[in-house]
Amino acid sequence: MTHWGPELRDGADTRFRLWAPDRPSVTLEIDGGGEVAMIRDADGWFTGEAPAPPGTRYRFRVAPDLAVPDPASRLQSGGVHGWSVVVDPSFAWSATEWRGRPWEETVLLEVHAGTLGGFSGVRERLGAMAASGITAIELMPVNAFGGTRNWGYDGVLPYAVAEAYGSPAELKTLVDTAHSLGLSVFLDVVYNHFGPDGNYLGAYAGAFFHQDVDTPWGGAVAVDADPVHRYFVDNALMWLRDYRIDGLRFDAVHAIENDRFLDRMAAEIRAALPERHVHLVLENEKNDADRLTPGGYDAQWNDDFHNVLHVLLTGETSAYYGDFADRPAERLARCLKEGFIYQGEGSPNHDGKPRGKPSSDLPSTAFVAFLQNHDQVGNRAMGERLIRLTDRERLRAATALLLLGPQIPLLFMGEDEGSESPFLFFTDFHDELADAVREGRRREFAKFDAFADEAARARIPDPNARSTFEASVPEPGPQAGEWRALYRELLSLRHAHIVPRLKDTVGLAAEVCGPAAVKARWRMGDGATLTIAIDLGDAPSPIGDEEAELIFREGDRFAAWIAR
(Lines give C-alpha, C1' and ligand atoms only; values in the text may rest on other atoms or scores of the structure.)
Protein backbone atom coordinates (compact mmCIF):
# COMPACT_ATOMS: atom_id res chain seq x y z
CA MET A 1 0.00 0.00 0.00
CA THR A 2 1.54 3.29 -1.11
CA HIS A 3 0.87 6.40 0.95
CA TRP A 4 0.93 10.03 -0.11
CA GLY A 5 3.27 12.68 1.20
CA PRO A 6 6.85 13.04 2.42
CA GLU A 7 8.25 10.54 4.91
CA LEU A 8 11.17 11.53 7.15
CA ARG A 9 13.81 8.78 7.19
CA ASP A 10 16.81 8.11 9.40
CA GLY A 11 19.14 11.07 9.59
CA ALA A 12 18.17 14.01 7.42
CA ASP A 13 16.83 12.06 4.44
CA THR A 14 13.24 12.28 3.30
CA ARG A 15 11.35 9.99 0.94
CA PHE A 16 8.99 11.73 -1.48
CA ARG A 17 6.12 10.20 -3.45
CA LEU A 18 3.80 11.41 -6.17
CA TRP A 19 1.09 9.59 -8.12
CA ALA A 20 1.47 10.93 -11.66
CA PRO A 21 0.27 8.18 -14.02
CA ASP A 22 -0.02 10.62 -16.94
CA ARG A 23 3.68 11.53 -16.86
CA PRO A 24 6.63 9.46 -18.11
CA SER A 25 9.05 11.19 -15.74
CA VAL A 26 9.01 13.43 -12.66
CA THR A 27 11.91 15.32 -11.12
CA LEU A 28 12.10 16.20 -7.43
CA GLU A 29 13.47 19.73 -7.05
CA ILE A 30 15.00 20.78 -3.73
CA ASP A 31 15.27 24.51 -3.17
CA GLY A 32 19.01 25.20 -3.16
CA GLY A 33 19.81 21.48 -3.16
CA GLY A 34 19.61 20.20 -6.70
CA GLU A 35 17.38 17.71 -8.47
CA VAL A 36 16.54 14.01 -8.11
CA ALA A 37 15.08 11.91 -10.93
CA MET A 38 12.23 9.98 -9.34
CA ILE A 39 11.61 6.28 -10.04
CA ARG A 40 8.30 5.28 -11.58
CA ASP A 41 6.50 2.00 -10.82
CA ALA A 42 3.90 0.21 -12.93
CA ASP A 43 1.00 1.97 -11.18
CA GLY A 44 2.24 5.48 -11.88
CA TRP A 45 3.78 6.15 -8.45
CA PHE A 46 7.06 8.10 -8.47
CA THR A 47 9.46 7.78 -5.54
CA GLY A 48 12.66 9.61 -4.68
CA GLU A 49 14.88 10.26 -1.66
CA ALA A 50 17.02 13.28 -0.87
CA PRO A 51 18.75 14.95 2.07
CA ALA A 52 15.83 17.12 3.16
CA PRO A 53 15.45 17.88 6.88
CA PRO A 54 12.37 19.70 8.25
CA GLY A 55 12.14 23.17 6.75
CA THR A 56 13.40 22.07 3.33
CA ARG A 57 11.43 23.51 0.42
CA TYR A 58 10.66 21.18 -2.50
CA ARG A 59 8.41 20.69 -5.51
CA PHE A 60 7.86 18.28 -8.39
CA ARG A 61 8.65 19.11 -12.00
CA VAL A 62 6.18 17.13 -14.09
CA ALA A 63 6.99 18.86 -17.39
CA PRO A 64 9.70 21.22 -18.64
CA ASP A 65 7.31 24.14 -18.18
CA LEU A 66 5.41 22.97 -15.09
CA ALA A 67 6.58 22.53 -11.49
CA VAL A 68 3.85 21.69 -8.97
CA PRO A 69 3.54 21.54 -5.19
CA ASP A 70 3.15 18.21 -3.44
CA PRO A 71 -0.61 17.48 -3.35
CA ALA A 72 0.06 16.00 0.12
CA SER A 73 2.19 18.95 1.25
CA ARG A 74 1.98 19.60 4.98
CA LEU A 75 2.91 23.25 4.59
CA GLN A 76 3.40 25.72 1.76
CA SER A 77 5.83 28.58 1.33
CA GLY A 78 4.51 31.26 -0.97
CA GLY A 79 0.96 30.01 -1.32
CA VAL A 80 -0.64 27.12 -3.17
CA HIS A 81 1.44 27.80 -6.28
CA GLY A 82 4.70 27.94 -4.34
CA TRP A 83 7.09 25.49 -2.73
CA SER A 84 6.06 22.70 -0.40
CA VAL A 85 7.88 22.41 2.93
CA VAL A 86 9.07 19.29 4.77
CA VAL A 87 7.47 19.26 8.25
CA ASP A 88 8.49 17.26 11.31
CA PRO A 89 5.22 15.70 12.59
CA SER A 90 6.48 15.34 16.17
CA PHE A 91 5.22 17.69 18.89
CA ALA A 92 5.68 18.04 22.66
CA TRP A 93 2.07 17.45 23.76
CA SER A 94 1.12 18.42 27.31
CA ALA A 95 -2.42 16.98 27.52
CA THR A 96 -1.01 13.47 27.14
CA GLU A 97 -3.86 11.71 28.99
CA TRP A 98 -6.58 13.14 26.74
CA ARG A 99 -8.67 10.49 24.99
CA GLY A 100 -11.60 12.66 23.98
CA ARG A 101 -15.15 13.06 25.28
CA PRO A 102 -18.17 10.82 24.73
CA TRP A 103 -20.37 11.96 21.86
CA GLU A 104 -23.33 12.63 24.17
CA GLU A 105 -21.37 15.39 25.94
CA THR A 106 -20.82 17.32 22.71
CA VAL A 107 -21.91 20.94 22.40
CA LEU A 108 -20.29 22.33 19.25
CA LEU A 109 -19.25 25.88 18.44
CA GLU A 110 -18.40 26.33 14.76
CA VAL A 111 -15.63 28.88 14.19
CA HIS A 112 -13.72 30.32 11.25
CA ALA A 113 -10.06 30.57 12.23
CA GLY A 114 -9.29 33.41 9.83
CA THR A 115 -11.90 35.80 11.20
CA LEU A 116 -10.72 35.14 14.76
CA GLY A 117 -7.05 35.95 14.10
CA GLY A 118 -5.74 32.57 13.01
CA PHE A 119 -4.86 29.61 15.21
CA SER A 120 -3.41 31.83 17.94
CA GLY A 121 -6.53 33.98 17.96
CA VAL A 122 -8.78 30.96 18.39
CA ARG A 123 -6.55 29.62 21.15
CA GLU A 124 -6.88 32.88 23.11
CA ARG A 125 -10.66 32.45 23.18
CA LEU A 126 -10.74 28.83 24.32
CA GLY A 127 -10.94 29.60 28.03
CA ALA A 128 -14.07 31.70 27.61
CA MET A 129 -15.62 29.06 25.35
CA ALA A 130 -15.04 26.31 27.91
CA ALA A 131 -16.39 28.46 30.75
CA SER A 132 -19.63 29.06 28.83
CA GLY A 133 -20.48 25.35 28.66
CA ILE A 134 -19.22 24.67 25.16
CA THR A 135 -17.48 21.26 25.03
CA ALA A 136 -16.14 21.26 21.46
CA ILE A 137 -15.05 23.70 18.80
CA GLU A 138 -15.48 22.89 15.13
CA LEU A 139 -12.99 24.57 12.84
CA MET A 140 -14.15 25.38 9.35
CA PRO A 141 -11.61 23.96 6.84
CA VAL A 142 -8.03 25.01 7.55
CA ASN A 143 -6.45 23.48 4.43
CA ALA A 144 -4.47 25.61 1.99
CA PHE A 145 -6.47 27.66 -0.53
CA GLY A 146 -5.75 30.31 -3.13
CA GLY A 147 -5.12 33.74 -1.60
CA THR A 148 -5.23 34.68 2.07
CA ARG A 149 -8.99 34.87 2.74
CA ASN A 150 -11.49 32.08 2.16
CA TRP A 151 -14.20 30.09 3.92
CA GLY A 152 -11.93 27.08 3.35
CA TYR A 153 -14.14 25.14 0.95
CA ASP A 154 -12.00 26.24 -2.00
CA GLY A 155 -9.04 24.30 -0.66
CA VAL A 156 -6.64 22.62 -3.09
CA LEU A 157 -4.04 21.12 -0.74
CA PRO A 158 -5.98 19.17 1.89
CA TYR A 159 -2.90 18.15 3.91
CA ALA A 160 -1.42 21.64 4.27
CA VAL A 161 -2.58 24.18 6.85
CA ALA A 162 -3.38 27.60 5.41
CA GLU A 163 -0.36 29.87 5.80
CA ALA A 164 -2.63 32.79 6.70
CA TYR A 165 -3.84 30.94 9.81
CA GLY A 166 -0.47 29.83 11.19
CA SER A 167 1.92 26.89 11.21
CA PRO A 168 1.29 23.20 11.89
CA ALA A 169 2.85 23.70 15.32
CA GLU A 170 0.43 26.56 16.07
CA LEU A 171 -2.54 24.38 15.15
CA LYS A 172 -1.21 21.63 17.43
CA THR A 173 -0.79 24.17 20.21
CA LEU A 174 -4.41 25.21 19.74
CA VAL A 175 -5.55 21.57 19.99
CA ASP A 176 -3.33 20.88 23.00
CA THR A 177 -4.67 23.96 24.81
CA ALA A 178 -8.24 22.95 24.03
CA HIS A 179 -7.66 19.48 25.46
CA SER A 180 -6.13 20.91 28.62
CA LEU A 181 -9.39 22.87 29.07
CA GLY A 182 -11.56 19.81 28.45
CA LEU A 183 -12.57 20.92 24.94
CA SER A 184 -12.72 18.59 21.97
CA VAL A 185 -11.64 19.89 18.56
CA PHE A 186 -13.48 18.98 15.37
CA LEU A 187 -12.37 19.84 11.86
CA ASP A 188 -14.40 20.31 8.69
CA VAL A 189 -12.82 18.44 5.75
CA VAL A 190 -13.76 18.63 2.07
CA TYR A 191 -13.41 15.47 -0.02
CA ASN A 192 -16.01 16.13 -2.71
CA HIS A 193 -14.14 18.72 -4.79
CA PHE A 194 -11.12 21.00 -5.09
CA GLY A 195 -11.11 24.76 -5.41
CA PRO A 196 -10.52 26.68 -8.67
CA ASP A 197 -7.13 28.19 -7.85
CA GLY A 198 -4.09 25.96 -7.40
CA ASN A 199 -5.38 22.46 -8.17
CA TYR A 200 -2.75 20.84 -10.38
CA LEU A 201 -3.84 17.19 -10.03
CA GLY A 202 -5.46 17.09 -13.44
CA ALA A 203 -2.14 18.03 -15.06
CA TYR A 204 -0.47 14.74 -14.15
CA ALA A 205 -3.16 12.43 -12.71
CA GLY A 206 -6.25 12.70 -14.88
CA ALA A 207 -7.56 9.48 -13.35
CA PHE A 208 -8.00 11.36 -10.06
CA PHE A 209 -11.29 12.56 -11.57
CA HIS A 210 -14.17 11.01 -13.48
CA GLN A 211 -14.37 13.50 -16.31
CA ASP A 212 -17.60 11.93 -17.56
CA VAL A 213 -19.39 12.60 -14.23
CA ASP A 214 -20.25 16.27 -14.10
CA THR A 215 -20.37 18.25 -10.85
CA PRO A 216 -20.51 22.01 -10.14
CA TRP A 217 -16.72 21.84 -9.79
CA GLY A 218 -15.91 19.76 -12.87
CA GLY A 219 -15.29 16.02 -13.04
CA ALA A 220 -16.24 14.03 -9.95
CA VAL A 221 -13.45 12.95 -7.61
CA ALA A 222 -12.67 9.29 -8.41
CA VAL A 223 -12.77 7.92 -4.87
CA ASP A 224 -13.24 4.40 -6.26
CA ALA A 225 -9.61 4.46 -7.53
CA ASP A 226 -7.21 3.09 -4.91
CA PRO A 227 -4.73 6.02 -4.95
CA VAL A 228 -7.60 8.52 -4.62
CA HIS A 229 -9.21 6.52 -1.82
CA ARG A 230 -5.85 6.41 -0.06
CA TYR A 231 -5.35 10.17 -0.55
CA PHE A 232 -8.46 11.07 1.41
CA VAL A 233 -8.35 8.34 4.06
CA ASP A 234 -4.71 9.14 4.82
CA ASN A 235 -5.69 12.80 5.08
CA ALA A 236 -8.39 12.02 7.63
CA LEU A 237 -5.95 9.89 9.63
CA MET A 238 -3.32 12.64 9.50
CA TRP A 239 -5.63 15.13 11.18
CA LEU A 240 -6.69 12.59 13.80
CA ARG A 241 -3.20 11.25 14.54
CA ASP A 242 -0.69 14.02 13.90
CA TYR A 243 -2.90 16.87 15.14
CA ARG A 244 -4.98 14.84 17.64
CA ILE A 245 -8.20 16.22 16.21
CA ASP A 246 -11.17 14.59 17.98
CA GLY A 247 -13.74 14.58 15.21
CA LEU A 248 -14.24 15.27 11.52
CA ARG A 249 -17.22 16.77 9.74
CA PHE A 250 -17.25 15.60 6.11
CA ASP A 251 -18.57 18.33 3.85
CA ALA A 252 -21.37 17.65 1.35
CA VAL A 253 -20.78 13.92 0.95
CA HIS A 254 -23.86 13.67 -1.27
CA ALA A 255 -21.64 15.19 -3.98
CA ILE A 256 -19.19 12.28 -3.68
CA GLU A 257 -21.87 9.80 -4.82
CA ASN A 258 -20.08 6.78 -3.41
CA ASP A 259 -21.43 5.17 -0.25
CA ARG A 260 -18.88 2.36 -0.37
CA PHE A 261 -16.07 4.91 -0.07
CA LEU A 262 -17.77 6.51 2.92
CA ASP A 263 -18.28 3.18 4.66
CA ARG A 264 -14.71 2.01 4.00
CA MET A 265 -13.29 5.30 5.25
CA ALA A 266 -15.27 5.12 8.50
CA ALA A 267 -14.21 1.50 9.05
CA GLU A 268 -10.52 2.31 8.49
CA ILE A 269 -10.63 5.25 10.87
CA ARG A 270 -12.40 3.25 13.58
CA ALA A 271 -9.90 0.40 13.25
CA ALA A 272 -6.91 2.75 13.41
CA LEU A 273 -7.95 4.60 16.58
CA PRO A 274 -9.93 2.20 18.78
CA GLU A 275 -8.68 3.65 22.07
CA ARG A 276 -9.97 7.20 21.53
CA HIS A 277 -13.33 8.96 21.36
CA VAL A 278 -13.24 9.85 17.66
CA HIS A 279 -16.42 11.29 16.18
CA LEU A 280 -17.38 11.28 12.50
CA VAL A 281 -20.16 13.55 11.25
CA LEU A 282 -21.63 13.90 7.77
CA GLU A 283 -23.18 16.72 5.85
CA ASN A 284 -25.47 14.81 3.50
CA GLU A 285 -28.34 16.36 1.58
CA LYS A 286 -29.67 12.85 0.97
CA ASN A 287 -30.70 12.33 4.62
CA ASP A 288 -29.20 8.86 4.34
CA ALA A 289 -30.00 7.13 7.62
CA ASP A 290 -28.14 4.00 6.47
CA ARG A 291 -24.81 5.73 7.02
CA LEU A 292 -25.62 6.51 10.67
CA THR A 293 -24.87 3.12 12.18
CA PRO A 294 -22.65 1.84 15.00
CA GLY A 295 -19.11 1.59 13.69
CA GLY A 296 -19.92 4.09 10.96
CA TYR A 297 -20.83 7.75 11.36
CA ASP A 298 -22.00 9.21 14.65
CA ALA A 299 -24.38 11.78 13.19
CA GLN A 300 -25.46 13.97 10.31
CA TRP A 301 -25.95 17.72 10.26
CA ASN A 302 -29.74 18.02 10.40
CA ASP A 303 -30.61 20.76 7.93
CA ASP A 304 -34.28 19.85 8.34
CA PHE A 305 -34.19 21.09 11.94
CA HIS A 306 -32.75 24.42 10.86
CA ASN A 307 -34.98 24.86 7.83
CA VAL A 308 -38.32 24.30 9.51
CA LEU A 309 -37.40 26.50 12.46
CA HIS A 310 -36.18 29.21 10.10
CA VAL A 311 -39.61 29.21 8.42
CA LEU A 312 -41.36 29.41 11.80
CA LEU A 313 -39.04 32.15 13.08
CA THR A 314 -38.86 34.38 10.00
CA GLY A 315 -41.75 33.49 7.69
CA GLU A 316 -39.30 33.11 4.80
CA THR A 317 -40.41 30.47 2.28
CA SER A 318 -38.26 31.10 -0.80
CA ALA A 319 -35.79 28.61 -2.34
CA TYR A 320 -35.28 25.48 -0.23
CA TYR A 321 -37.38 26.90 2.60
CA GLY A 322 -40.35 26.20 0.34
CA ASP A 323 -39.99 22.52 1.26
CA PHE A 324 -40.99 23.46 4.82
CA ALA A 325 -43.55 26.20 4.21
CA ASP A 326 -46.58 23.90 4.28
CA ARG A 327 -47.62 22.67 7.74
CA PRO A 328 -44.39 23.77 9.46
CA ALA A 329 -45.56 22.83 12.98
CA GLU A 330 -46.34 19.31 11.79
CA ARG A 331 -42.93 19.10 10.17
CA LEU A 332 -41.23 20.34 13.35
CA ALA A 333 -43.05 17.67 15.34
CA ARG A 334 -41.72 14.98 13.05
CA CYS A 335 -38.21 16.40 13.27
CA LEU A 336 -38.23 16.38 17.07
CA LYS A 337 -39.57 12.83 17.30
CA GLU A 338 -37.84 11.14 14.35
CA GLY A 339 -34.86 13.29 13.33
CA PHE A 340 -35.30 13.86 9.61
CA ILE A 341 -38.39 15.53 8.19
CA TYR A 342 -37.80 14.23 4.68
CA GLN A 343 -37.61 10.45 4.90
CA GLY A 344 -38.33 9.51 1.30
CA GLU A 345 -41.01 12.05 0.43
CA GLY A 346 -40.78 14.13 -2.73
CA SER A 347 -38.94 17.41 -2.27
CA PRO A 348 -40.20 20.39 -4.30
CA ASN A 349 -36.73 21.91 -4.11
CA HIS A 350 -35.37 18.74 -5.75
CA ASP A 351 -37.92 18.79 -8.58
CA GLY A 352 -40.19 16.44 -6.66
CA LYS A 353 -37.59 13.70 -6.34
CA PRO A 354 -37.65 11.60 -3.16
CA ARG A 355 -35.29 12.78 -0.45
CA GLY A 356 -34.20 10.89 2.63
CA LYS A 357 -34.67 7.51 4.27
CA PRO A 358 -36.63 6.47 7.39
CA SER A 359 -34.88 7.69 10.55
CA SER A 360 -37.36 7.02 13.36
CA ASP A 361 -35.32 4.08 14.69
CA LEU A 362 -32.19 6.20 15.15
CA PRO A 363 -31.26 7.72 18.52
CA SER A 364 -31.73 11.47 18.86
CA THR A 365 -27.95 11.87 19.07
CA ALA A 366 -27.62 10.76 15.43
CA PHE A 367 -28.56 14.33 14.45
CA VAL A 368 -26.62 17.58 14.84
CA ALA A 369 -29.11 20.42 15.25
CA PHE A 370 -28.48 24.13 14.72
CA LEU A 371 -30.26 27.43 14.26
CA GLN A 372 -27.31 28.94 12.39
CA ASN A 373 -24.07 27.85 10.75
CA HIS A 374 -21.65 29.20 8.15
CA ASP A 375 -23.85 28.08 5.26
CA GLN A 376 -27.19 29.27 6.57
CA VAL A 377 -25.85 32.71 7.43
CA GLY A 378 -23.18 33.14 4.79
CA ASN A 379 -25.24 31.91 1.87
CA ARG A 380 -27.62 34.81 2.35
CA ALA A 381 -26.79 37.68 0.02
CA MET A 382 -26.13 40.08 2.91
CA GLY A 383 -25.01 37.50 5.47
CA GLU A 384 -27.63 38.40 8.09
CA ARG A 385 -27.69 36.43 11.30
CA LEU A 386 -30.95 35.11 12.73
CA ILE A 387 -31.00 37.79 15.42
CA ARG A 388 -31.65 40.33 12.62
CA LEU A 389 -34.49 38.28 11.12
CA THR A 390 -36.76 37.43 14.05
CA ASP A 391 -37.76 38.85 17.43
CA ARG A 392 -36.05 38.34 20.76
CA GLU A 393 -38.75 36.20 22.38
CA ARG A 394 -38.98 33.71 19.54
CA LEU A 395 -35.20 33.46 19.27
CA ARG A 396 -34.83 32.80 23.01
CA ALA A 397 -37.42 30.01 22.77
CA ALA A 398 -35.76 28.44 19.74
CA THR A 399 -32.40 28.62 21.51
CA ALA A 400 -33.86 26.78 24.48
CA LEU A 401 -35.18 24.09 22.16
CA LEU A 402 -31.76 23.72 20.56
CA LEU A 403 -29.85 23.50 23.85
CA LEU A 404 -32.29 21.42 25.90
CA GLY A 405 -33.42 19.09 23.12
CA PRO A 406 -31.74 15.71 22.74
CA GLN A 407 -30.16 16.26 19.33
CA ILE A 408 -26.50 17.32 19.48
CA PRO A 409 -26.43 21.16 19.40
CA LEU A 410 -24.15 23.26 17.23
CA LEU A 411 -23.73 27.01 17.60
CA PHE A 412 -22.11 29.41 15.15
CA MET A 413 -19.41 31.78 16.41
CA GLY A 414 -20.89 34.95 17.87
CA GLU A 415 -24.34 33.41 18.27
CA ASP A 416 -23.88 33.05 22.05
CA GLU A 417 -22.99 36.75 22.30
CA GLY A 418 -25.95 38.05 20.32
CA SER A 419 -23.63 39.11 17.53
CA GLU A 420 -25.24 41.15 14.77
CA SER A 421 -22.13 41.08 12.58
CA PRO A 422 -22.85 39.58 9.17
CA PHE A 423 -21.02 36.52 7.99
CA LEU A 424 -20.49 37.09 4.28
CA PHE A 425 -19.12 34.91 1.52
CA PHE A 426 -15.49 35.95 1.05
CA THR A 427 -12.57 34.87 -1.13
CA ASP A 428 -9.26 36.31 -2.28
CA PHE A 429 -9.20 35.54 -5.97
CA HIS A 430 -7.79 37.80 -8.66
CA ASP A 431 -8.22 38.82 -12.29
CA GLU A 432 -10.71 36.78 -14.35
CA LEU A 433 -11.43 34.31 -11.55
CA ALA A 434 -12.31 37.16 -9.20
CA ASP A 435 -14.70 38.59 -11.80
CA ALA A 436 -16.30 35.19 -12.36
CA VAL A 437 -16.83 34.59 -8.63
CA ARG A 438 -18.25 38.09 -8.05
CA GLU A 439 -20.67 37.95 -10.96
CA GLY A 440 -21.59 34.33 -10.33
CA ARG A 441 -22.44 35.19 -6.74
CA ARG A 442 -24.73 37.98 -7.86
CA ARG A 443 -26.41 35.83 -10.50
CA GLU A 444 -27.27 33.26 -7.83
CA PHE A 445 -29.62 35.77 -6.22
CA ALA A 446 -31.33 37.00 -9.38
CA LYS A 447 -34.26 34.62 -8.73
CA PHE A 448 -35.02 36.31 -5.40
CA ASP A 449 -37.53 39.18 -5.50
CA ALA A 450 -35.27 41.42 -3.42
CA PHE A 451 -32.50 41.14 -6.01
CA ALA A 452 -34.50 40.93 -9.21
CA ASP A 453 -33.01 44.08 -10.69
CA GLU A 454 -29.35 44.63 -11.47
CA ALA A 455 -29.01 47.65 -9.18
CA ALA A 456 -30.11 45.59 -6.20
CA ARG A 457 -27.66 42.80 -7.08
CA ALA A 458 -24.85 45.33 -7.32
CA ARG A 459 -25.26 45.96 -3.58
CA ILE A 460 -24.26 42.36 -2.78
CA PRO A 461 -20.76 42.61 -1.29
CA ASP A 462 -17.87 41.66 -3.55
CA PRO A 463 -16.47 38.38 -2.13
CA ASN A 464 -12.93 39.42 -3.05
CA ALA A 465 -12.96 42.79 -1.29
CA ARG A 466 -11.01 42.85 1.96
CA SER A 467 -13.87 44.85 3.49
CA THR A 468 -16.17 41.85 2.98
CA PHE A 469 -13.87 39.69 5.08
CA GLU A 470 -13.39 42.40 7.70
CA ALA A 471 -17.15 42.88 8.07
CA SER A 472 -17.46 39.15 8.84
CA VAL A 473 -15.34 39.29 11.99
CA PRO A 474 -17.88 38.52 14.76
CA GLU A 475 -18.33 41.27 17.33
CA PRO A 476 -20.48 40.93 20.47
CA GLY A 477 -23.97 42.34 19.96
CA PRO A 478 -25.51 45.25 21.88
CA GLN A 479 -27.26 42.80 24.24
CA ALA A 480 -24.27 40.48 24.56
CA GLY A 481 -24.59 40.19 28.33
CA GLU A 482 -28.17 38.96 28.13
CA TRP A 483 -27.35 36.35 25.48
CA ARG A 484 -24.24 35.12 27.28
CA ALA A 485 -26.30 34.65 30.44
CA LEU A 486 -29.01 32.74 28.57
CA TYR A 487 -26.54 30.39 26.89
CA ARG A 488 -24.66 29.77 30.14
CA GLU A 489 -27.90 28.96 31.97
CA LEU A 490 -29.20 26.65 29.26
CA LEU A 491 -25.87 24.84 28.84
CA SER A 492 -25.60 24.38 32.61
CA LEU A 493 -29.07 22.83 32.58
CA ARG A 494 -28.14 20.65 29.62
CA HIS A 495 -25.06 19.28 31.37
CA ALA A 496 -27.02 18.69 34.58
CA HIS A 497 -30.27 17.21 33.25
CA ILE A 498 -29.84 16.11 29.63
CA VAL A 499 -26.26 14.91 29.04
CA PRO A 500 -26.10 12.30 31.86
CA ARG A 501 -29.11 10.46 30.44
CA LEU A 502 -28.69 11.27 26.73
CA LYS A 503 -27.17 8.02 25.44
CA ASP A 504 -29.82 5.85 23.66
CA THR A 505 -32.49 8.58 23.87
CA VAL A 506 -35.34 8.05 21.39
CA GLY A 507 -38.46 9.98 20.46
CA LEU A 508 -41.73 8.86 22.02
CA ALA A 509 -44.33 11.25 20.64
CA ALA A 510 -44.82 14.72 19.21
CA GLU A 511 -48.07 16.58 18.71
CA VAL A 512 -49.09 19.81 17.03
CA CYS A 513 -50.69 22.18 19.54
CA GLY A 514 -51.19 25.20 17.28
CA PRO A 515 -50.12 26.77 13.97
CA ALA A 516 -46.58 27.15 15.29
CA ALA A 517 -46.75 25.11 18.51
CA VAL A 518 -45.47 21.61 19.25
CA LYS A 519 -45.10 19.38 22.30
CA ALA A 520 -42.64 16.47 22.12
CA ARG A 521 -41.55 13.68 24.45
CA TRP A 522 -38.45 11.48 24.50
CA ARG A 523 -37.48 8.42 26.51
CA MET A 524 -34.03 9.12 27.88
CA GLY A 525 -31.36 6.48 28.30
CA ASP A 526 -32.06 6.08 32.04
CA GLY A 527 -35.80 5.67 31.50
CA ALA A 528 -36.73 9.27 32.37
CA THR A 529 -39.06 11.22 30.09
CA LEU A 530 -38.06 14.59 28.67
CA THR A 531 -40.98 16.79 27.59
CA ILE A 532 -40.59 20.04 25.66
CA ALA A 533 -43.30 22.46 24.56
CA ILE A 534 -42.61 25.35 22.20
CA ASP A 535 -44.87 27.96 20.60
CA LEU A 536 -43.43 30.29 17.96
CA GLY A 537 -46.77 31.75 16.89
CA ASP A 538 -47.78 35.41 16.81
CA ALA A 539 -49.98 35.03 19.88
CA PRO A 540 -48.73 32.07 21.93
CA SER A 541 -51.15 30.32 24.24
CA PRO A 542 -50.15 29.65 27.85
CA ILE A 543 -48.17 26.45 28.23
CA GLY A 544 -49.77 24.19 30.81
CA ASP A 545 -47.98 22.34 33.58
CA GLU A 546 -46.75 18.75 33.50
CA GLU A 547 -46.53 16.25 36.35
CA ALA A 548 -42.77 16.44 36.18
CA GLU A 549 -39.85 18.60 37.26
CA LEU A 550 -39.80 21.89 35.40
CA ILE A 551 -36.21 22.60 34.37
CA PHE A 552 -36.74 25.74 32.27
CA ARG A 553 -39.52 28.04 31.14
CA GLU A 554 -39.48 31.00 28.78
CA GLY A 555 -42.85 32.70 29.31
CA ASP A 556 -45.56 31.27 27.06
CA ARG A 557 -43.01 30.36 24.40
CA PHE A 558 -41.14 27.39 25.86
CA ALA A 559 -41.02 24.92 28.72
CA ALA A 560 -39.06 21.73 29.45
CA TRP A 561 -39.69 19.06 32.07
CA ILE A 562 -38.03 15.85 33.25
CA ALA A 563 -40.11 13.00 34.73
CA ARG A 564 -38.08 10.30 36.43
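Guide: Gladly. This is a predicted model. Let us start with β3, residues 27-30, and strand β7, residues 57-63.

Visitor: What makes β3 and β7 a pair?

Guide: Pairing takes at least two bridges. β3 and β7 have four, in the antiparallel sense. They therefore pair. Within β7, Phe 60 is the bridge partner of Leu 28.

Visitor: Why are β3 and β4 called a pair?

Guide: The same test applies. β4 covers residues 34-37, and four antiparallel bridges link β3 to β4. The threshold is at least two, so the pair counts. Ile 30 stands opposite Gly 34 of β4.

Visitor: What lies between β3 and β4?

Guide: Three residues, and the two strands form a hairpin. Gly 32 sits in the turn, with a positive phi of about 75°.

Visitor: Now Gln 300 in β20. Why is Gln 300 called buried?

Guide: Its relative accessible area is 1%. Buried means under 20%, so Gln 300 is buried. Its contacts beyond four places in sequence include Val 281, Leu 292, Phe 340 and Phe 367.

Visitor: How do you know that the Gln 300 side chain is placed close enough to Asn 284 for a polar contact?

Guide: A polar atom of that side chain lies 2.9 Å from the backbone oxygen of Asn 284. The cut-off is within 3.5 Å, so the distance meets it.

Visitor: Where is Ala 452?

Guide: In the loop between α9 and α10. Leaving aside neighbours within four places in sequence, Ala 452 is in contact with Ala 446 and Arg 457. The C-alpha atoms of Ala 452 and Arg 57 are separated by 50 Å.

Note on methods: Residues numbered from 1 in each chain as written. Predicted model: local features only at pLDDT ≥ 70, side-chain atom pairs only at ≥ 80, totals over all residues. Heavy atoms only, no water. Buried < 20%, exposed > 50% of the residue type's maximum accessible area, 1.4 Å probe, protein only. Polar contact = N/O pair within 3.5 Å; in protein donor to acceptor, adjacent residues only side chain to side chain. Contact = heavy atoms within 4.5 Å.
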